[in-house]
Amino acid sequence: MTPAARVDAAINILDQVLDGQSAEASLIAWARQSRFAGSGDRAAVRDLVFDALRRMRSLAWIGGAATGRGLMIGRLRDRGEAPETVFTGEAYAPAPLTAEERTVPPDIATAPAGVRLDCPDWLLPELNASLGEETEAVLDTLRHRAPVYLRVNLAKGTPEVAMSRLREDGVEAEPGPLSASALLVTGHPRRVQNSAAYREGLVELQDAASQAVVDQVTPHARGREVLDFCAGGGGKALHLAAAGAARVVAHDADPGRMRDIPTRAKRAGCEIEVTSAPQGRFGCVLVDVPCSGSGAWRRQPEAKWRLTREGLRDLNRLQDAILRHAAGFVLPDGVLAYVTCSLLERENGERIDGFLAEVPGWRDLGRRRFTPLEGGDGFFVALLARS
C-alpha cells in the first residue's frame, strides 16, 4: 500500500470508530477484507488510527472537522506536511481537498484547554483536582504513544540475561524505570512475541508502573497464599508467582478473560489456579478493580472519549462493591491491595477513604500513585490491613 492508501484506510476506520464501533473490531474487519495489506501496512494503519484517537480534539481543530478526513488532514498539518500531497484522489488516495478543507483553522494555541490537551471538558476539573500542577504535563504525555515495557521473569533469569537473549532475536532493550524487573524496549518491539526470550517465559509484556505496583504488594505476598481477585489476563498473578508467593489463585467476574492464564503460567514455569468461585481466606488479596483506565489512555485512547459522568459514578459504585467483597477473603493477619490504572482521585483515594470510614476493623498501610511522567502508565495502589 502507498502512504496515501494507508491514510485512506485510516479515514474509513476512524469514521466507523466515531460512529461507535471499537477501534480493534474495525481494524480486524478491515484487515480481513484487505488481503492485499501486508503486516507492515496493517501496523502502519493501526498507528495512524491510534495516533488520531489519542489526539482527536486537537487534530480535529487543526484539520477542521471531527471526521476521519478531518483527523488525517489535521495529523498531516501537525507534522508539517501539506495535505494536498496526500489527498490527491489518484489511485487509492483520499479524494482531493474541498475548498472548505483547504481553509486553515486558527492556531491551536488559541484553542480551549480541553482541545489543546485532548481531554473531554468535563474531565478537566476532575484531573486538576487529582493531579494539581502536573495536570497539563500528564495530559500532554497521554497524547503520545506509550513505550513498550517487558517484565523479566526473575525466577528464570536476570535482566542482563534477558537483554542478551532478546538481542539475539533483534530486539533491543535497556533497564526500565520504576522496577528492577522492568526493561524498556528501544528497538523492534513487534519482534518481542516471536523471540525465544518471550516464548520461553523469560520476559512478559507488562508496563513498568504495573510492575512497580506489584513490587509494593510483594513484601506482603511472598511466602503466602494470594488471591488475584480481578485477574483479567493474569499479568499481576504471574508477577506475584515469580516474586515468591506460595500459592496464587486467579479469579475474574468474566472467566473468559482468564483463558490464557494456564498457557502463560506454563510458559513462565509457575502454577496459577484459575477459579470462578474462590474459597477460603488468603494472606494477600489483590483487587485490580475495573476503572476508567485514565492512566493507560495512551494504550486505549477510545476510553477517554467514551467515559461519561454517569459512567464514572457507575464505576465508583462497582469499585466500592468489589473492595468490600474482596475484603472478606483476607485472613485476620492479611493484607488487601486495592489497585487501579486510573489517575482520578475519585477512583483512588476517595474509594479508600470511604471504605475505611464505613467498614470497621481496617487500617491504611500506605498509598502510592504513579503517573506517566515517571515513565510508565498511571497507576494507584493502596495497602490495607485488619486492625
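Predicted model: local features only at pLDDT ≥ 70, side-chain atom pairs only at ≥ 80, totals over all residues.
**Entry 1: H2 against H3**

I started with helix H2 (residues 23-33) and helix H3 (residues 39-54). Their axes come within 11 Å and cross at roughly 155°. Angles over 145 degrees count as roughly antiparallel, so I put H2 down as roughly antiparallel to H3. I also looked up the hand of the crossing, and for H2 and H3 it is right-handed.

Next I wanted to know which residues in H2 meet H3. On the H2 side I found Ala-23, Glu-24, Leu-27, Trp-30 and Ala-31. Facing them in H3 are Asp-41, Arg-42, Val-45, Arg-46, Val-49, Phe-50 and Leu-53. I sorted the residues of this contact by type and got eight nonpolar, four charged and no polar.

**Entry 2: the sheet**

Then I moved on to an open sheet of seven strands. Its pairing is mixed, and I read the order as E7-E6-E5-E8-E9-E11-E10. Strand E7 (273-275) and strand E10 (362-370) are the edge strands, each pairing on one side only. From one strand to the next, the twist averages 20°.

I picked one pair to look at in detail. Strand E5 (residues 225-228) runs parallel to strand E8 (residues 282-288), and three bridges join them. Which residue in E8 is the bridge partner of Asp-228? I found Leu-286 there.

**Entry 3: a helix on the sheet**

Last, I checked helix H17 (residues 349-358), which packs on the sheet. H17 touches strand E9 (330-340), E10 and strand E11 (379-386).

Notes. Residues numbered from 1 in each chain as written. Heavy atoms only, no water. Axes fitted to C-alpha atoms, helices over the stretch in contact; angles between N-to-C directions. Helix = DSSP H or I, 4+ residues; strand = E, 2+ residues; numbered from the N terminus. Parallel < 35°, antiparallel > 145°, perpendicular 65-115°, else oblique. Left-handed = near helix turned anticlockwise from the far one by under 90°. Contact = heavy atoms within 4.5 Å. Nonpolar A, V, L, I, M, F, W, Y, C, P; charged D, E, K, R; others polar. Pairing = 2+ DSSP bridges.
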